[in-house]
Amino acid sequence: MQTLGTKSFAGFVVAIIATTCLGFAAGGSHKSRERGTEVTFASQTKFNSGATLPAGTYRMEVPENFQTPAVTFSQAGKVLATSEAKVVTQQKKNETTEVDSVTQGDAQVLTAIRPSGWDEELIFGSPGQ
């Protein structure tokens with residue numbers, strides 16, 4: 001009887017450790033492969049995809065490990081615009097979030113975003129813009 005109790009206890013301990021390890025592994029695999037930040041547009045903003053957003057603050061999500069990712073802009077969990085951008089590595093981290101645009105009619109056409117704390121710049125639009 002003593003041996004059976006020891007084996008059961010050892011099996012129980014092994015099961016708990018295995019479950020814990022699987023839990024950590026699953027948590028790591030569900031980790032997002034996107035980075036995001038808040039971006040505020042001071043006026044109506046137009047994207048190279050043709051989408052237009054009114055002035056406001058949006059959640060910008062950028063898929064990692066892509067040179068030309070499809071960047072999404074959302075509010076309240078709903079994607080409102082998607083636009084392709086080119087990721088350019090900077091030599092140092094951006095101190096503040098900067099949004100560059102050019103005026104076209106009554107809208108600002110987005111050309112670049114340098115998110116605060118990132119060491120990348122996102123370039124939107126064609127190289128000629």
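Here is a short chat about a predicted model of one protein chain.

Reader: What does the secondary structure come to along the chain?
Author: Going along the sequence, the pattern is α-β-β-β-β-β-β-β-β-β.

Reader: How much of the chain counts as buried?
Author: The chain has 129 residues, and its accessible surface comes to about 8600 Å², with 56% of that belonging to carbon and sulfur atoms. Buried here means under 20% relative accessible area. The share of residues that count as buried is 28%.

Reader: Which residues touch the most other members of the largest nonpolar core?
Author: That core has 17 residues. The elements giving two or more residues to this core are β1 (34–41), β4, β5, β6, β8 (107–114) and β9 (120–124). The residues touching the most other members are Phe41, Met60, Phe73, Ile113 and Phe124.

Reader: Leaving aside neighbours within four places in sequence, what is phenylalanine 41 in contact with?
Author: Phenylalanine 41 is one of the core residues that touch the most other members. Leaving aside those sequence neighbours, its contacts are Phe47, Leu53, Ala55, Gly56, Tyr58, Phe73, Val99, Leu110 and Ile113.

Reader: Is serine 74 buried or exposed?
Author: Serine 74 sits in strand β5. Not counting residues up to four places away in sequence, serine 74 touches Tyr58, Arg59, Val79 and Leu80. Its relative accessibility is 11%, so serine 74 counts as buried.

Reader: Which residues do salt bridges that share partners join into one network?
Author: By the salt-bridge rule the count comes to six. Arginine 114 pairs with glutamate 98, their closest N and O atoms being 2.9 Å apart, and glutamate 121 forms a salt bridge with arginine 114 at 2.7 Å. Salt bridges that share partners join these into one network of Glu98, Asp100, Arg114 and Glu121.

Reader: What is the phi of asparagine 65?
Author: Most residues other than glycine have a negative phi. Asparagine 65 lies in the loop between β4 (56–63) and β5 (70–75), and is exposed, with a relative accessible area of 78%. Its phi is positive, near 65 degrees.

Reader: What about alanine 76, where is it found and what is its phi?
Author: Alanine 76 is in the loop between β5 and β6 (78–89). At 91% relative accessibility, alanine 76 counts as exposed. Although alanine 76 is not a glycine, its phi is positive, about 55 degrees.

Technical notes: Residues are numbered from 1 along each chain as its sequence is written. This is a predicted model: local features need pLDDT of at least 70, side-chain atom pairs count only at pLDDT 80 or more; totals for chains, interfaces and linings use all residues. Side-chain values use heavy atoms; hydrogens and water are left out. Helices (H or I, at least four residues) and strands (E, at least two) are DSSP runs, numbered from the N terminus. Buried means under 20% relative accessible area, exposed over 50%, partly exposed in between (1.4 Å probe, protein chains only). Accessible areas come from the Shrake-Rupley method with a 1.4 Å probe; for residues, only the protein chains shown count as cover. Contact means heavy atoms within 4.5 Å. A nonpolar core is a set of buried Ala, Val, Leu, Ile, Met, Phe, Trp, Tyr and Cys residues joined through side-chain atoms within 4.5 Å. A salt bridge is a side-chain nitrogen of Lys or Arg within 4 Å of a carboxyl oxygen of Asp or Glu.
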